[in-house]
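The following exercises concern a single protein chain. Each sets a task and then works through a solution step by step.

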Amino acid sequence: MALQRNKLFLISGLVCGLIFAALLLVRTGLVSLSDDPLLTARVIPAGPLDASERWMAILQGDRRIGTTYSRLEPVEKGYRLTEKVSMRINTMGLVQDLVLDSSGWLNPDLTLARFTFAMHSGLFTFAVTGHVEGHHLICRIQSGDDVRHLRLPLEAPPYLTAGIFPAVINAGLALGERRVFHIFDPSTMAQEKITLAMQGRETLRLGDRLVEALKVSLEFKGVSQEAWLDDKGQVLMEKGLLGIRQERISREDAQFGRPVTASGDLTQVAAVVPDRDLPDPTTLSQLTLQLNGIDLERYALNDGRQHLEGDRLTLIREDLADLPTALAQKHLSPATASFLAPSTFIQSSDPKIQALAAQLVDLGDAPLANLHHIVEWIQTNIAKRPVLSLPDAVTTLDKRMGDCNEHAVLMAALARAAGYPAQVEAGLVYQKGRFFYHAWNRVYVGRWITVDALFGQIPADVSHIRFTKGTAQQQLDIIPLLGRLQIRVLEMR
């Protein structure tokens, strides 16, 4: 039982990351994307915007689990948008405080000119500064003591989400009108598209008073979220995933009102309960499930050890008996070889990562044996502890702790440094009667095999259901699963 509970603690990080992305990047709720062709929006305010500020309570049911403060003010050559979010998060009984600070300097049309962003949680701090230069975003990223520089191509002028609402209200978008915006999310270092639609006016209850509000919807990766705005485009209320919402409150209420308490256990709330229990997944060679409630075509379900027919997904335990005894990099396809390269959060070229990989890997050993060396080192040296931060390999190595995300990025970095292409996979894993959101790896050693460094499994057991693979940006594709996915167990052996 102790081992089972320990595993549950450590698979909590991914679902928290998804909730933060939904809450902070997109700002709320659930419907499907429209196929209407839309031009990318560049909304020009009809006139200068006045300074404004707002305080929001972050609520889960009747609990206040955090506070958001935002301020938009005119400055020379545009506006400054400041936002601070504080939350108290419960994951498997462990309560942690999370603080996010961001400032954006905006052009007169409210597109992004430059920004700062910082995330603080316990021992972990992640900070980014950046500015737009032509069709690129130039960033400086600091995670712990590690500093990196990044040049990101931009498809279109980016907005910060909180800057869109005042822009569209001031520009006078008509009811029913829809616009596509490119949003930059500092927490994933990625640009995404969201669609905004004006829904109409409604009477909204805020506490014990009724107010007139304009309802808008935001659609992101198949998830539609709702917000209610005042006549200046300031948010009055927004509803989000897993019963989390935000409501406008006064400065006095934010500072002296109801105290902030820990959220309900987000990991348990987000978990998917199948129609019947599974035995120990490590004893199974094959598992067939029926998946309902989501658009299965959006996900990487039919590949390698996973076989999808209609809504039936069969997962087969990989046979490692016929793996090659050596891997010749010169024979790798360009697509496979691309997963040897370092990335923003998988810094496989870092000297510390390179030195550790050289220490762990014996070139005379078979690739599978070397993967076992890496996993054994991670199991021994990385403390299994839930972390609310943005995972990267170097910080994980320095701090020597983390949950599934930290284990996965470190495993990927060490495998790449050792000469083995590696990806991060994200999806679900079964533990104690539920499927929990989780991250693990896929490593190429002559063919792709699964590796779960957190659980110490090569290959990963058949309850690991992959929905996405690749980068932190692609993990956001899992957001539409939250609260929707239903699983029925059809066959196991």
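Predicted model: local features only at pLDDT ≥ 70, side-chain atom pairs only at ≥ 80, totals over all residues.

**Exercise 1. Aromatic pairs**

Determine how the rings of Trp 55 and Tyr 69 are arranged, and how those of Tyr 444 and Trp 448 are arranged.

Solution. A pair of aromatic rings is described by the distance of the centres and the angle of the planes.
- Step 1. Rings pair if their centres lie within 6.5 Å. By this rule there are six aromatic pairs.
- Step 2. For Trp 55 and Tyr 69, the centres are 4.5 Å apart and the planes stand at 45 degrees, so the pair is tilted.
- Step 3. Trp 55 has a relative accessible area of 15% and is buried.
- Step 4. Tyr 444 and Trp 448 have a centre-to-centre distance of 5.4 Å and an angle of 70 degrees between the planes, and their pair is edge-to-face.
- Step 5. Tyr 444 is buried, at 18% relative accessibility.
- Step 6. Phe 339, Tyr 444 and Trp 448 are linked into a cluster by ring pairs.

**Exercise 2. The crossing of two helices**

Describe how helix 8 (residues 367-381) and helix 10 (residues 404-417) meet, and which classes of residue form their contact.

Solution. 
- Step 1. The axes of helix 8 and helix 10 come within 11 Å and cross at roughly 140 degrees. The crossing is right-handed.
- Step 2. From helix 8, the residues in contact are Leu 371, Ile 374, Val 375, Trp 377 and Ile 378. They meet His 407, Leu 410, Met 411, Leu 414 and Ala 415 of helix 10.
- Step 3. By class, the contact of helix 8 with helix 10 comprises nine nonpolar residues, one polar residue and no charged residues.
- Step 4. His 373 also has its place in helix 8. It is partly exposed, with a relative accessible area of 27%.
- Step 5. Neighbours within four places in sequence aside, His 373 is in contact with Leu 360 and Asp 365. Its C-alpha atom is 6.9 Å from that of Val 361, a residue 12 positions away along the chain.

**Exercise 3. Buried residues in loops**

Which loops hold Ile 479 and Thr 111, and is each residue buried or exposed?

Solution. 
- Step 1. Ile 479 lies in the loop between helix 11 (residues 472-475) and strand 24 (residues 486-492). Its relative accessible area is 0%, so it is buried.
- Step 2. The C-alpha atoms of Ile 479 and Leu 241 are separated by 8.9 Å, although the two residues are 238 apart along the chain.
- Step 3. Thr 111 lies in the loop between strand 4 (residues 94-106) and strand 5 (residues 112-121). At 2% relative accessibility, Thr 111 is buried.
- Step 4. Thr 111 and Ala 156 are 45 residues apart in sequence, and their C-alpha atoms are 9.8 Å apart.

**Exercise 4. The chain as a whole**

How many helices and strands does the protein chain have, and what share of its residues is buried?

Solution. 
- Step 1. The chain has 11 helices and 24 strands.
- Step 2. Of its 493 residues, 58% count as buried.
- Step 3. Among contacts with a separation of 6 or more, 64% come from residues 24 or more positions apart.

Note on methods
Residues numbered from 1 in each chain as written. Heavy atoms only, no water. Phe/Tyr/Trp six-rings, centres within 6.5 Å; stacked < 30°, edge-to-face > 60°. Buried < 20%, exposed > 50% of the residue type's maximum accessible area, 1.4 Å probe, protein only. Axes fitted to C-alpha atoms, helices over the stretch in contact; angles between N-to-C directions. Helix = DSSP H or I, 4+ residues; strand = E, 2+ residues; numbered from the N terminus. Left-handed = near helix turned anticlockwise from the far one by under 90°. Contact = heavy atoms within 4.5 Å. Nonpolar A, V, L, I, M, F, W, Y, C, P; charged D, E, K, R; others polar.
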